[in-house]
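Trainee: Please take me slowly through one part of this model, residue by residue. I would also like to hear the cut-offs behind each term as we go.

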Amino acid sequence: MTRPANVLTAVLETHGGRCACNGACGKTHTGDGERCNAASSGKNKPLLAAPKAPHATDVQNAAAPLEELRPWCWPCWRDALAAERARANDQRGQELMKAQMGLFDIGTDAAA
């Protein structure tokens with residue numbers, strides 16, 4: 001068995017040469033199971049290998065194991081990544097707000 005030349009080649013050989021986005025980008029795709037299926041990213045840009053479910057940080061995305069990678073077109077990846085980062089940012093904001101709620105509780109016990 002020949003070893004693939006690079007990660008993208010390995011991902012394309014395993015998962016096919018079409019974008020694997022199933023709507024994570026926020027668009028409604030038509031076609032095979034509502035999958036994007038783009039064969040390129042347009043303007044002579046190839047597909048890229050990225051995690052099946054985008055992570056909020058570049059470090060997490062870069063550390064994703066090969067088994068987690070799928071082919072993505074750039075427009076779908078850009079929009080899916082932005083959506084995940086917005087979701088993670090909102091979650092962090094909610095967690096921060098919840099953690100700070102006790103800081104401003106003024107009760108009878110606090111005055112003592």
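Mentor: Two residues are said to be in contact when heavy atoms of theirs lie within 4.5 Å. Before we use that, please keep in mind that this is a predicted model, in which local features need pLDDT of at least 70 and side-chain atom pairs count only at pLDDT 80 or more, while totals for chains, interfaces and linings use all residues. Residues are numbered from 1 along each chain as its sequence is written, and side-chain values use heavy atoms, with hydrogens and water left out. The score pLDDT is the predictor's confidence in each residue, from 0 to 100; here the chain averages 86, and 87% of the residues score at least 70.

Let us start with A49, which lies in strand β1, residues 48–51. Helices (H or I, at least four residues) and strands (E, at least two) are DSSP runs, numbered from the N terminus. Apart from neighbours within four places in sequence, A49 is in contact with V7, L8, V11, L69 and R70. A49 counts as partly exposed because its relative accessibility is 27%, given that buried means under 20% relative accessible area, exposed over 50%, and partly exposed in between, with a 1.4 Å probe and protein chains only. The C-alpha atom of A49 is 9.5 Å from that of C19, although the two residues are 30 apart along the chain.

A polar atom of the R35 side chain lies 2.9 Å from the backbone oxygen of C19, and the side chains of R35 and N37 are joined by a polar contact of 3.4 Å. Beyond four places in sequence, the contacts of R35 include H15, R18, C19, A20, C21 and N22.

C19 and C21 both belong to the largest nonpolar core, which has 12 residues, with L48, A50, W72, C73 and C76 also among them. Such a core is a set of buried Ala, Val, Leu, Ile, Met, Phe, Trp, Tyr and Cys residues joined through side-chain atoms within 4.5 Å. Strand β1 and helix α3 (74–100) each supply at least two residues of this core, and α3 gives the most, with 4 residues. Not counting residues up to four places away in sequence, C21 touches H29, E34, R35, C36, W72 and C76.

C21 is in no disulfide, and the nearest cysteine sulfur, that of C25, is 3.6 Å away. C21 counts as buried because its relative accessibility is 1%. C73 is likewise in no disulfide, and the nearest cysteine sulfur, that of C76, is 3.5 Å away. C73 counts as buried because its relative accessibility is 4%.

Finally, helix α3 also holds E84. E84 counts as buried because its relative accessibility is 17%, and E84 touches P54, H55 and A56 when residues up to four places away in sequence are not counted.

Definitions and conventions:
A polar contact is a pair of N or O atoms within 3.5 Å; within protein, one must be able to donate a hydrogen and the other to accept it, and residues adjacent in sequence count only if both atoms are side-chain atoms. A disulfide is a pair of cysteine sulfur atoms within 2.5 Å.
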